[in-house]
Amino acid sequence: MAMFNLFPQTARLDKMALKLEFNTDFTYFLENNEFHDPVLVVTESESMKCSAVLLAQHSSVLREFIKEDNELFITHNKHVRECLSVLYGGEVKLTEENFLDILKFMVTFDVPLAIQQILDWISKTMSTWNLDNASVLLNGSMVAVKAS
């Protein structure tokens, strides 16, 4: 497989970060006392205790998982910690190495505000001469995410 440089303007890569704004109304979680808290997020390399409320605030998919179980297993993603950091309100710099895993995570768990920010980042940093190759890469990733 040929390697393509999707981001030839690397000077612009560090200028955009992924960050979500928080809704400070947590009454939904008080009224619906059906969450396991904390939630154990298990990856291929580590386990992390996370707040169910913070994880579920931006994702209805995570909200449903957390209602059913207090463990969430995430595989085939090297950047889970960064994804969780975003859900916790942290800021994560998008790079050529991490954007695809973060995008897969946000699509899988339906976090539309993060997806839009990542797509904006892609459109601002990607070269126009290589959009066809990037489209193939992203379309393949979206199919893989939906199939798993």
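Is Arg81 buried, exposed or partly exposed? With a relative accessible area of 48%, Arg81 is partly exposed, since buried means under 20% relative accessible area, exposed over 50%, and partly exposed in between, using a 1.4 Å probe and protein chains only. Before we go on, note that this is a predicted model, in which local features need pLDDT of at least 70 and side-chain atom pairs count only at pLDDT 80 or more, while totals for chains, interfaces and linings use all residues. Residues are numbered from 1 along each chain as its sequence is written, and side-chain values use heavy atoms, with hydrogens and water left out.

Let us stay with Arg81 for a moment. Its side chain meets that of Glu46 in a salt bridge, 2.6 Å from N to O; the term stands for a side-chain nitrogen of Lys or Arg within 4 Å of a carboxyl oxygen of Asp or Glu. Arg81 lies in helix α4 and Glu46 in the loop between β2 and β3, so the pair ties together parts that are 35 residues apart in sequence. (Helices, H or I with at least four residues, and strands, E with at least two, are DSSP runs numbered from the N terminus.) Glu46 is partly exposed, at 29% relative accessibility. Side chains of opposite charge can pair when their charged atoms come close.

A search of the whole structure finds two salt bridges. The other example to look at joins the side chains of Glu64 and Lys67, at 3.3 Å from N to O. Both residues lie in helix α3, three residues apart, which is about one turn of the helix. Glu64 counts as partly exposed at 39% relative accessibility, and Lys67 is partly exposed with a relative accessible area of 25%.

Rings of Phe, Tyr and Trp (its six-membered ring) pair if their centres lie within 6.5 Å; planes under 30 degrees apart count as stacked, over 60 as edge-to-face and the rest as tilted. The count comes to three aromatic pairs. In one of them, the rings of Phe65 and Phe109 have centres 6.0 Å apart and planes at 70°, so this pair is edge-to-face. Phe65 sits in helix α3 and Phe109 in the loop between α5 and α6, so the pair ties together parts 44 residues apart in sequence. Phe105 and Phe109 form a tilted pair, 4.8 Å centre to centre with 55° between the planes. Phe65 is partly exposed at 40% relative accessibility, whereas Phe109 is buried at 6% and Phe105 is buried at 2%.

Now for the interior. In soluble globular proteins, nonpolar side chains tend to be buried together. A nonpolar core is a set of buried Ala, Val, Leu, Ile, Met, Phe, Trp, Tyr and Cys residues joined through side-chain atoms within 4.5 Å. Of the 33 residues in the largest such core here, Val41 and Met106 touch the most other members. Among the elements that give two or more residues to this core are β2 (39-42), α4 (80-87) and α5 (99-108), and α5 gives the most, with six residues. Leaving aside neighbours within four places in sequence, Val41 is in contact (heavy atoms within 4.5 Å) with residues including Glu46, Cys50, Leu72 and Val80.

Finally, the cysteines: Cys50 is buried at 6% relative accessibility, and Cys83 is buried with a relative accessible area of 0%. A search of the whole structure finds zero disulfides, a disulfide being a pair of cysteine sulfur atoms within 2.5 Å.
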